[in-house]
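Here is a short briefing on one protein model. Look at the structure first, then work through the points by topic.

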Amino acid sequence: MLKEMFKKPVYITLNKTKETAEPQVPEGLWIKCPKCREMLYKEDVAANRYVCYKCGGYFRVKAKNRIRMVVDRHTFEEWDTDLYGGNPLEFEGYEEKLEQTREKTKLNEAVITGQGKIYGEDTVLGICDSRFMMGSMGHMVGEKLTRAIERATKKRLPLIIFTCSGGARMQEGMISLMQMAKTAAALKRHSDAGLFYLSVLTDPTTGGVTASFAMLGDVILGEPGALVGFAGPRVIEQTIGQKLPEGFQRSEFLVEHGIIDGIVERKDLKDTLHRLIQMHKPVQNLNSLALQKHEATQRQDAVQINQDNRNLNAWDRVRTARMPERATAMDYIQTLFEDFMELHGDRAFRDDGAIVGGLAWMDEIPVTVIGQQKGRNTKENVSRNFGMPNPEGYRKALRLMKQAEKFGRPVITFVDTPGAFCGLEAEERGQGEAIARNLLEMSALKVPVLCIVIGEGGSGGALALAVGNEVWMMENAVYSVLSPEGFASILWKDSKRCDEAAEVMKITAPDLLRLKVIDKIIPEPEPAMPHNLEAVCNPMKTEIRNFLKSYLGQDKEEIARQRYERFMKY
């Protein structure tokens, strides 16, 4: 099962990081592990998916072995087996090199393409093979991949490419470089058709492949320890003499720096691919029987508001919303939804722990869920920046929301932040622009957006995840233009009057329901904690089902118009 990881490196699945291997699996009965250098029985290594059974080191995998790992038996149909690359620059000795490589590897080029089934799901695949001139991208690699992408678009099928390459093929010069634009253009048409593309980065993925189809996936996963980068470490060191940190350009480094979504181990690979294909099917093609079958239970799920809880004053609500024991976004996500898969990073700078997001199921409906995440102790709070997002956190959230729009998935956000982070680095990276961009893009999303304030809703940092068709609040949540302490300090020059400020600011759920800032209050018979969250979430889950049922049948333009008009009334 996929599960959330609170420490780095972050895996799509369980288990610790294993560094990748460099050598190929040699012929013969015994092979040497490239990491621990132990001699291994080859059949046992193959049975272990070409992972060392002593130290966990990864071997590189032949394309045909990769197909056996992930494609249902006897379902793969290879395409374009008659295509052979030529010598466009008439480079001396190149044709002989190609012929020798074909003879040695029994491959006609550095990529195999075709169609197969993954647990019954028709999928188009491209699998690069490093044995053929280090997987370098010549014109025929680009041609085969482009043809596969175009056929996937025509057949309306998902696409998975396993990358492994030393970059553009030097013997083909600028003709090789043109394959970067060629494959990217084909992928744009596949994306515009609303189809899913998954890129799986294996060791090594460098140069022109990294700067083209490898990094254009709707979801990008890496194998543990895979080397991935535009300029390889040796090129960087020799060109500018820069000393590189340990683990530089490995998959784990890319997750930490927000470039890829996560890491997948080979033992989980086929299950993960299948799960992602399922989650990226158009929502309108899924039936809503799961939503309908819960209709009869709606009334019996109702929870009465505890009278003592109802009598709390505004400052009490603030303190309750800030309690370190209070349920977090991840608690709600794991309680309300099934099979959550966290995706990471803004694809540009870093993965911000203050915002979590990914894919999950609400019954048979795939949804995108995003939340502002606090910690419960000092260590967690440091890694989560005390729930105060940086610009890259908001950009990660927006990336996931735009991905949801492409596939017609509803978006559900959980708001819980004292505010956006206001440090020097955040300002340097454009905090205001990142928040403004979220407001702009969320206002026009053509999928249903539900926003739930579960704790603190602090200023613009909260609003950046709260532009929804409906906005709900937990009974003990607060939602404010700034903190009561800040309000009292600015207006009255006395931050000690924060309890008085909380009352006049009208920041509680009943106040904001009267002002029509929110649409619904979710009862808390007791303050929402992990131990009682199941009881709190039962009626909330019924309400979410009702929300999905009412909006999923609407025209996408109508969904965006309704959200626009909601905010025009203020």
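Threonine 210 is buried, with a relative accessible area of 8%. Buried means under 20% relative accessible area, exposed means over 50%, and partly exposed is in between (1.4 Å probe, protein chains only). The model is predicted: local features need pLDDT of at least 70, side-chain atom pairs count only at pLDDT 80 or more, and totals for chains, interfaces and linings use all residues. Residues are numbered from 1 along each chain as its sequence is written, and side-chain values use heavy atoms, with hydrogens and water left out.

- Threonine 210 sits in helix α6 (residues 207–210). Helices (H or I, at least four residues) and strands (E, at least two) are DSSP runs, numbered from the N terminus.
- A polar atom of the threonine 210 side chain lies 2.9 Å from the backbone oxygen of threonine 205.
- Leaving aside neighbours within four places in sequence, threonine 210 is in contact with Thr205, Met215, Val228, Gly229 and Phe230. Contact means heavy atoms within 4.5 Å.

**Nonpolar cores**

- A nonpolar core is a set of buried Ala, Val, Leu, Ile, Met, Phe, Trp, Tyr and Cys residues joined through side-chain atoms within 4.5 Å.
- The largest nonpolar core has 134 residues, and Tyr332, Phe337, Phe414 and Ile544 touch the most other members. Helix α22 (residues 533–552) gives the largest share of this core, eight residues.
- A second, separate core has 12 residues, including Ala321, Ala501, Ala502 and Met505.
- What does phenylalanine 337 contact, leaving aside its neighbours within four places in sequence? The partners are Tyr332, Ala360, Trp361, Met362, Val367, Val369, Ile412 and Phe414.

**A buried histidine and an exposed one**

- Histidine 190 lies in helix α5 (residues 173–192). Histidine 190 counts as buried, at 1% relative accessibility.
- Not counting residues up to four places away in sequence, histidine 190 touches Ile149, Ala152, Thr153, Leu157, Pro158, Leu159, Leu195, Phe196 and Tyr197.
- Histidine 531 is in the loop between β18 (520–522) and α22. Is histidine 531 buried or exposed? Histidine 531 counts as exposed, because its relative accessibility is 67%.
- From C-alpha to C-alpha, histidine 531 and threonine 206 are 47 Å apart in space, and they are 325 residues apart in sequence.

**Two packed helices**

- Two packed helices are described by the angle between their axes and the distance between the axes.
- Helix α2 (residues 63–70) packs with helix α9 (residues 266–279) at an angle of about 65 degrees, and their axes are 9 Å apart. Axes are lines fitted to C-alpha atoms, for helices over the stretch in contact, and angles run from 0 to 180 degrees between N-to-C directions.
- Helix α2 makes the contact with Arg66, Met69 and Val70, and helix α9 with Arg266, Leu269, Lys270 and Leu273.
- The residues of this contact divide into four nonpolar, no polar and three charged. Ala, Val, Leu, Ile, Met, Phe, Trp, Tyr, Cys and Pro count as nonpolar, Asp, Glu, Lys and Arg as charged, and the others, Gly among them, as polar.

**Salt bridges**

- A salt bridge is a side-chain nitrogen of Lys or Arg within 4 Å of a carboxyl oxygen of Asp or Glu. By this rule the count comes to 45.
- Glutamate 475 and arginine 317 meet in a salt bridge (4.0 Å, N to O). Glutamate 475 is in the loop between β16 (470–474) and β17 (478–480) and arginine 317 is in helix α12 (residues 314–321), so the pair ties together parts 158 residues apart in sequence.
- Glutamate 475 is buried at 4% relative accessibility. Arginine 317 is buried at 4% relative accessibility.
- Glutamate 433 and arginine 437 also form a salt bridge (3.2 Å, N to O). Both lie in helix α17 (residues 431–443), four residues apart, about one turn of the helix.
- Salt bridges that share partners join Arg322, Lys374, Asp416, Glu456 and Glu485 into one network.

**Backbone details**

- The peptide bond from aspartate 203 to proline 204 is cis, with omega near -10 degrees. Proline 204 is in strand β7 (residues 197–206).
- Glutamine 249 is not a glycine, yet it has a positive phi of about 70 degrees. Glutamine 249 is buried, with a relative accessible area of 7%.

Technical notes: A polar contact is a pair of N or O atoms within 3.5 Å; within protein, one must be able to donate a hydrogen and the other to accept it, and residues adjacent in sequence count only if both atoms are side-chain atoms.
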